Amino acid sequence: MIYTEDFFALGSPFPNDNVVQLVDSYTKENVNFQKTTTWHDGSPMASNLADGIIYRKKGADFYVDIDWLCNRTVYVKRFGALGDGVTNDAPAIRRMIDFLPEKDFIVVFENAKYLQGDGTYLPYDIEDGIYHNVDNDTEIGTPIFYSFKNKSDFTIYGNGALIMAHPDNAPIANTRGFEFLGCQNFKVINLNYDGSKDTRKPNGGDPSGYNNQSGFKISSSKKYEFVDCRSDNTCMDGFTITSDELFNNPPVNDWNEDGILRNCHSDNSYRQGCSVVNSKRFKIVGGSYTNTGKTYGTSPKDGIDIEEGTMSNFGRGSSDTVVEGVLFENNLGDGLALHYGTHDATVTKCVFKNNSFTVAPDPLALTCNNTIYNNNLYDSIVRLSGGGDHFFGNKIYLSSTFDFNLLIDCEYAHYKNNKCRETLVYDNYISRDAGTTPIANGVKGSVIIGNHKDGVKVYNNTFQNLASKDNFFFIFGDQDRQLEFYDNTFRNTDEFVINAPVDPSLIYTNIEAFFKKAYNNKIEIEGIPPMVSVAERAKGDKLVKSFTVERIPSGKYIDVTFDALTSNFDARDLFVQVTTRGYWYDADSTNLKKEIMSVSDVKPISYTGTLDDFKKLPVSTGIYTKNNKSTITFKQSEADAVNNPNYWNLDIVIEVLGKYTDDFPVNISAYYDTNTQPLIINLPIAKSENQSDSTAIDVTSLRNDFNSLLLKLKDSGVMKQ
């Protein structure tokens, strides 16, 4: 049995046979060498090429490890890495990397714990919390990181190995983990890194370049895959995917492309679990990104942040990124953020726990056209602000007291300017747990839609137990009739109502002027009025408003208001025909009723009859005009409330007559107790059996109103002479 160090020792007595079988002096494993005259790249062997591990010199002869010659495989233990968790293995691993050729090789780690560094960095010290040296270089301290540069066609088998930064290492760039720069066609499997963040105490306020460090950095590389790798407790990012070459001096058009993180994990990173910057067609499939910044950290503290970082000379952003089947949990920032320049990304089958999802706004319209579908979110807030996002098939589960927002907020007019597709939010299910005990002070939850609403469609979503107070549906920005909102349901379960009774302050935005389309929306919350209904029409079509006033409570009133009558039309030409079907005022008022009303030039008069007479007025209590708003008031009759509780719905159709074709909003008020509006007595279509005779004053007023109406109808062309 001959050991390698004895065979290759200076003055060794062993013969220089062509092939020798030896025992490695460090690993105690059998190794075989044979004579060679060429190096691994085909160049002639020379003394400076003998690394002392794979290629060795004995006298005038050179030998090569046969396993390397046949399999192109190197083992880190052959280079002196002990993997005992105590010895500084960084020099041995770096020595192994220095040996590697430019392409076509395999690296094998043992399932062991390799300590990186020894924790000493003299003479470099800390001044005001910042590491420094005389020249303020970024490269301070002894380099102990592991760099694969411009290599291709290789595989690294980690076999569960853990490379752990020494707990006393300075948090500087020279103590970062692995980096792969300008590499192609490679794979890293089951290799793990731990940055010992909690004892190394990185300072996020230190802006110097030497503070930039990650567990795994992949830059300007192509066609690669990391499988079953971990990067925990790092002093910056767990994984950094970027394109540094774009910003070299001079810059190089060399994007990071077609990489995959498959079932990889990052926990408790200082800044981010993973950053994806200026990369094309990058995929993150499976795995988890959790607890970023949890013990302490620096902004943005996201699980994964996808962005452009800085504009390049060769285009912008991260395009066609796929995030599939990933767990985001308890990151102090967003779970996943699609930031500036992220476009055409796909996010699907992911799980968010106590983590928000964000699509950030971008003034240059490159954070656009991202697709987010079939994800499960738990106590997670959602923000869609880029434009052109498709958010569908997602399920959001809320605990009983979690304050929730779904924000659809296109900050810039990208759709209007043909820079993005429509924003679609549909087929989503958002449900809050009703709880098992009373919820003190109620709970907040809201769907918020704002800023540029053109091209925004929200439909076929279910919002259950969203809120018991404040505003459960809020729209802001211009009332420009652009939003399409239909087939949505807001409802509360009986259990939720018991544990979180609806506060009287609970409201929602119910202003028709926001909507291009609004129909079939169900507000199934006790005491909350129905949503306005707006049907889209072609230009020049007859303007018809159709909606249902549901279940007017006994003794309550509700107003239907024509709002903001400021379009360019001749006021005298505006008439509406109001058709109602259902139970109201009189117990026998079950037939269809119609009446024509003028919503212009109306002079309100006071009604001085009794309350009983007031209840018997047909169709409505009248129409009045104030501040460019014309209102019809409806009330459920006491008899109907008692005798016909199943027929409280009132179907209303409002049809504009005459020359007026511009659209205008119709708003439906909340229910209220006392009608204090000035009234106009409209001509009854038919006197009910129980209705008392009108007074002389009423008859005179009605006659005058009717004659005035006839003249206006004739003038407007609604009626012929």
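A cavity is taken here as a set of grid points where a 1.4 Å probe fits but cannot get out. By this rule, four cavities of 30 Å³ or more are counted in the structure, which is a predicted model. Rolling a probe the size of a water molecule over the atoms shows where empty space is left.

The largest cavity holds about 70 Å³ of space. Its lining consists of 16 residues, and those nearest the centre of the cavity are Cys 410, Tyr 412, Tyr 415, His 452 and Asp 454. By residue type, the lining of the largest cavity comprises six nonpolar, six polar and four charged residues. The second largest cavity holds about 50 Å³. Its lining includes Thr 175, Arg 176, Gly 177, Tyr 193, Gly 195 and Arg 200. Also among the residues lining the second largest cavity are Gln 213, Ser 214, Gly 215, Thr 234, Cys 235 and Met 236. Here the division is three nonpolar, seven polar and two charged residues.

The chain as a whole can be described next. Eight helices and 58 strands are assigned in the protein chain. The chain has 721 residues, of which 55% are buried. Its accessible surface amounts to about 31,000 Å², with 48% of that area belonging to carbon and sulfur atoms. Of the contacts between residues at least 6 apart in sequence, 74% join residues that are at least 24 apart.

Several individual residues illustrate the buried part of the chain. Thr 4 belongs to helix 1, which covers residues 4-7. Thr 4 counts as buried because its relative accessibility is 1%, and buried means under 20%. With neighbours within four places in sequence left aside, the contacts of Thr 4 are Leu 22, Val 23, Asp 24, Ser 25, Val 31, Phe 33 and Arg 56.

Thr 423 lies in strand 40, which spans residues 423-426. A relative accessibility of 3% means that Thr 423 is also counted as buried. The side chain of Thr 423 reaches the backbone nitrogen of Gly 388 at a distance of 2.9 Å. Residues up to four places away in sequence not counted, Thr 423 touches Gly 387, Gly 388, Asp 389 and Ile 408, among others. The residues touched by Thr 423 also include Cys 410, Gly 455, Val 456 and Lys 457. Cys 410 is one of the residues that lie nearest the centre of the largest cavity.

Asn 355 is placed in a loop, between strand 32 (351-353) and strand 33 (357-359). With a relative accessible area of 2%, Asn 355 is buried. The side chains of Asn 355 and Asn 331 are joined by a polar contact of 2.7 Å. Neighbours within four places in sequence aside, Asn 355 is in contact with Phe 328, Glu 329, Asn 330, Asn 331, Gly 333, Asp 334 and Gly 335, among others. Its contacts also include Tyr 378, Asp 379, Ser 380 and Ile 381. Val 382 is 27 residues from Asn 355 along the chain, and the C-alpha atoms of the two are separated by 9.1 Å.

Most residues other than glycine have a negative phi, and most peptide bonds are trans. Ser 299 and Pro 300, however, are joined by a cis peptide bond, with omega about 10°. Pro 300 is located in the loop between strand 24 (288-290) and strand 25 (302-307).

Positive phi values are found in Asp 258 and Asn 418, neither of which is a glycine. In Asp 258, phi is near 55°. Asp 258 is part of strand 19, residues 256-262, and counts as partly exposed at 28% relative accessibility. In Asn 418, phi is about 60°. Asn 418 sits in the loop between strand 39 (404-410) and strand 40. Asn 418 is exposed because its relative accessible area is 71%, and exposed means over 50%. Strand 40, at one end of this loop, is the strand in which Thr 423 is found.

Key:
Residues are numbered from 1 along each chain as its sequence is written. This is a predicted model: local features need pLDDT of at least 70, side-chain atom pairs count only at pLDDT 80 or more; totals for chains, interfaces and linings use all residues. Side-chain values use heavy atoms; hydrogens and water are left out. Helices (H or I, at least four residues) and strands (E, at least two) are DSSP runs, numbered from the N terminus. Buried means under 20% relative accessible area, exposed over 50%, partly exposed in between (1.4 Å probe, protein chains only). Contact means heavy atoms within 4.5 Å. Accessible areas come from the Shrake-Rupley method with a 1.4 Å probe; for residues, only the protein chains shown count as cover. On a 1 Å grid over the protein atoms alone, a cavity is a set of points where a 1.4 Å probe fits but cannot get out, and a pocket is an open set with protein on both sides within 12 Å along at least five of seven lines; lining residues have an atom within 4 Å of a point. Grid points are joined across faces, edges and corners, and a volume is the space filled by probe spheres set on the points. Ala, Val, Leu, Ile, Met, Phe, Trp, Tyr, Cys and Pro count as nonpolar, Asp, Glu, Lys and Arg as charged, and the others, Gly among them, as polar. A polar contact is a pair of N or O atoms within 3.5 Å; within protein, one must be able to donate a hydrogen and the other to accept it, and residues adjacent in sequence count only if both atoms are side-chain atoms.
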